[in-house]
Amino acid sequence: MRVVTLNERDFYTACHSLEETVAKDYAPDLIIGIATGGEFVASCMFADIPHRSIRRHRPSTADKEHAGIVFRILRRSPRFISDMLRIVEAWLLALRKPSGTIEPVTPDEKTTAAIASARRVLVVDDATDSGATLKAVTDGIRAVPGEREVRSAVVTVTTSSPIIMPDYTLHHDSTLIRFPWSKDYYPL
């Protein structure tokens, strides 16, 4: 397992590489970014196609919102300490399997209307860990009446067997990515 830090330039390059990967065999007519990381990735892809967003966070994301002082300390620590903590967090996440049924996310009215008129929807996120978020969002999109093809794209898949595998990814080799908006991000 390795940790890669993307500065803004590298992040844009990764987004364009992901877009090129998708464009080789899929032409979406609607992009759905999973808030918030997926929104950032989606906003750098397919500029001429309509974009909407859907919000769903895993419980550990909410926990991180309350740990501000920890991240301020990490930003002043050597990078290898932050990297080790990310790896430990990933191992712990891999041990926890989603429990019970994963409820589909219900899109808001405007997003539902956009989905209803789309034939090919691309769901975009920054990373897939367990796959629970991606599954909840894609199931919610498929629940909107009408026929459509739904595919997904992420920058990285961090576990070996998520419950849903994205159709397109740049990394599926246990690469953990520190994005420019990550709480422990600081420029190299």
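These are my notebook entries on a predicted model of one protein chain.

**Entry 1: the overall layout**

I began by listing the elements of the chain, and I found 7 helices and 7 strands. Reading from the N terminus, I wrote down their order as β-α-β-α-β-α-α-α-α-β-α-β-β-β. Next I looked up how much of the chain is covered: buried residues make up 45% of its 188 residues. The exposed surface comes to about 10000 Å², and carbon and sulfur atoms supply 55% of that area. I also checked how far along the sequence the contacts reach. Among contacts between residues at least 6 apart in sequence, 73% join residues at least 24 apart.

**Entry 2: the nonpolar cores**

Which residues touch the most other members of the largest nonpolar core? I found Val22, Val41, Met45 and Leu122, in a core of 21 residues. I then asked which elements build it, and noted that α1 (8-23), α2 (37-43), β4 (120-128) and β5 (149-157) each supply at least two residues. Helix α1 gives the most, with 5 residues.

Leaving out residues up to four places away in sequence, Val22 touches Met45, Phe46, Leu122, Ala153 and Tyr168. Two of the names in that list, Met45 and Leu122, were already in my notes on the core.

**Entry 3: helix α6 and Thr111**

Today I turned to Thr111, which sits in helix α6 (residues 109-116). Is Thr111 buried or exposed? Its relative accessible area is 0%, so Thr111 is buried. Setting aside residues up to four places away in sequence, I found that Thr111 touches Ile32, Arg52, Ser53 and Ile54.

Then I looked at the helix as a whole. In α6, the buried residues include Thr111, Ala114 and Ile115. They cover an arc of only 100° around the axis, so they lie on the same side of α6. What covers the buried residues of this helix? I noted β2, β3 and α7 (132-142) among the elements that do. On the face turned away from the buried side, I found the exposed residues Glu109 and Lys110.

**Entry 4: salt bridges**

Side chains of opposite charge can pair when their charged atoms come close. How many salt bridges does a search of the whole structure find? The count is 6. I looked up several of them in turn.

The side chains of Arg9 and Asp10 meet in a salt bridge, at 3.3 Å from N to O. Arg9 counts as exposed because its relative accessibility is 60%. Asp10, at 27% relative accessible area, is partly exposed.

Asp25 and Arg151 also meet through their side chains, at 3.8 Å from N to O. This pair links distant parts of the chain, 126 residues apart: Asp25 is in the loop between α1 and β2 (30-35), while Arg151 is in strand β5. With a relative accessible area of 51%, Asp25 is exposed; the cut-off is over 50%. I noted that Asp25 and Arg151 are linked with Glu149 in a network of salt bridges.

My next pair was Asp108 and Arg52, whose closest N and O atoms are 3.8 Å apart. Here, too, distant parts of the chain are linked: Asp108 lies in the loop between α5 (79-95) and α6, Arg52 in strand β3 (residues 51-55), and 56 residues separate them. Both count as partly exposed, Asp108 at 43% relative accessibility and Arg52 at 30%.

**Entry 5: a patch on the surface**

Which residues make a nonpolar surface patch of about 540 Å²? I wrote down Met1, Val88, Trp91, Leu92 and Leu95. Met1 is found in the segment before β1 (2-5). Its relative accessible area is 42%, so Met1 is partly exposed.

Terms used:
Residues are numbered from 1 along each chain as its sequence is written. This is a predicted model: local features need pLDDT of at least 70, side-chain atom pairs count only at pLDDT 80 or more; totals for chains, interfaces and linings use all residues. Side-chain values use heavy atoms; hydrogens and water are left out. Helices (H or I, at least four residues) and strands (E, at least two) are DSSP runs, numbered from the N terminus. Buried means under 20% relative accessible area, exposed over 50%, partly exposed in between (1.4 Å probe, protein chains only). Contact means heavy atoms within 4.5 Å. A nonpolar core is a set of buried Ala, Val, Leu, Ile, Met, Phe, Trp, Tyr and Cys residues joined through side-chain atoms within 4.5 Å. Accessible areas come from the Shrake-Rupley method with a 1.4 Å probe; for residues, only the protein chains shown count as cover. Patches are made of residues with over 30% relative accessible area and no salt bridge: like charges are joined within 9 Å, nonpolar side chains (Val, Leu, Ile, Met, Phe, Trp, Tyr) within 5 Å. A salt bridge is a side-chain nitrogen of Lys or Arg within 4 Å of a carboxyl oxygen of Asp or Glu. The arc is that of the directions from the helix axis to the C-beta atoms.
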